[in-house]
Amino acid sequence: MTTIPPRPAQLDSPVLPKIFKYVGRAQVWIYRRTGGRIGGKWRIGAGFRKPVPTLLLEHRGRKTATVYTVPLLYISDGPDTVVVASQGGLPKHPQWYRNLVAHPDTHIQIGPRRFAVHAVTADPEQRARLWPRLVAAYADFDTYQAWTEREIPVVILTPAAAPPSR
């Protein structure tokens, strides 16, 4: 049985979201300029010994319609890509998740490839199937779930159908 570490008090610091914002922007900038060669693997926490692939997710603000981009860990599930709205176990869903619920048609970038996807929150059966695979990829997801009362959403990103050729 794995022991869950206590939730760090620093997670509630008002400074933390600002740090995440600027570190995320830097990672997006580097990822885009290197086609994911730098910034394409997460090497923090459980990812230190077992790096996890990272993608860039675009999301449109549900109130502003501004397009934002965030780096996220992911796994592949057949043709689909799966991400987790963990936000380090904070009590609220991340902004990008709430934006995706409002605007599920978006783009992701994996390495140098950018493509259109449709986002759907996994239903309970899908989540039960995918969660063990996500934890196998990044063990800290279980810790984050233990630190929050909300069920952390699992998001399935399905490639958008290509338009018919003429």
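**Exercise 1. Sort the residues that line the largest pocket by class, then find which elements supply them.**

*Solution.* Start with the classes: 25 nonpolar, 15 polar and 10 charged residues make up the lining of the largest pocket. Here Ala, Val, Leu, Ile, Met, Phe, Trp, Tyr, Cys and Pro count as nonpolar, Asp, Glu, Lys and Arg as charged, and the others, Gly among them, as polar. A pocket is an open set of points on a 1 Å grid over the protein atoms alone, where a 1.4 Å probe fits, with protein on both sides within 12 Å along at least five of seven lines; its lining residues have an atom within 4 Å of a point.

Next, look towards the middle: of the 50 lining residues, F20, K21, V70, Q87 and W96 lie nearest the centre of the largest pocket. Two or more lining residues come from each of helix 1 (15–34), strand 2 (52–60), strand 3 (67–73), strand 5 (80–84), helix 2 (95–102) and helix 4. Helices (H or I, at least four residues) and strands (E, at least two) are DSSP runs, numbered from the N terminus. Helix 1 gives the most, with 12 residues. The space in this largest pocket is about 1600 Å³, where a volume is the space filled by probe spheres set on the grid points, which are joined across faces, edges and corners.

A word on the model: it is predicted, so local features need pLDDT of at least 70 and side-chain atom pairs count only at pLDDT 80 or more, while totals for chains, interfaces and linings use all residues. Residues are numbered from 1 along each chain as its sequence is written, and side-chain values use heavy atoms, with hydrogens and water left out.

**Exercise 2. Describe how helix 3 and helix 4 cross, and which residues meet.**

*Solution.* First take the axes, which are lines fitted to C-alpha atoms over the stretch in contact, with angles from 0 to 180 degrees between N-to-C directions. The axes of helix 3 (residues 124–137) and helix 4 (residues 140–147) come within 7 Å and cross at roughly 120°. That makes helix 3 oblique to helix 4; angles under 35 degrees count as roughly parallel, over 145 as roughly antiparallel, 65 to 115 as roughly perpendicular and the rest as oblique.

Then list the partners: R127, W131, L134 and V135 of helix 3 meet F141, D142 and Q145 of helix 4. Four of these contact residues are nonpolar, one is polar and two are charged.

Finally, check the cover: six of the eight residues of helix 4 are buried, meaning under 20% relative accessible area, with exposed over 50% and partly exposed in between (1.4 Å probe, protein chains only). They are D140, F141, T143, Y144, Q145 and W147, and they pack against strand 3, strand 5 and helix 3.

**Exercise 3. Are V83, S86 and T3 buried or exposed?**

*Solution.* Begin with V83 in strand 5. V83 counts as buried because its relative accessibility is 0%. Beyond four places in sequence, its contacts (heavy atoms within 4.5 Å) include L55, L72, W96 and P153.

Move on to S86, in the loop between strand 5 and helix 2. S86 is buried, with a relative accessible area of 8%, and it touches F141, Y144, R150 and I152, not counting residues up to four places away.

End with T3, in the segment before helix 1. At 70% relative accessibility, T3 counts as exposed. T3 and T143 are 140 residues apart in sequence, yet 9.0 Å apart in space, C-alpha to C-alpha.
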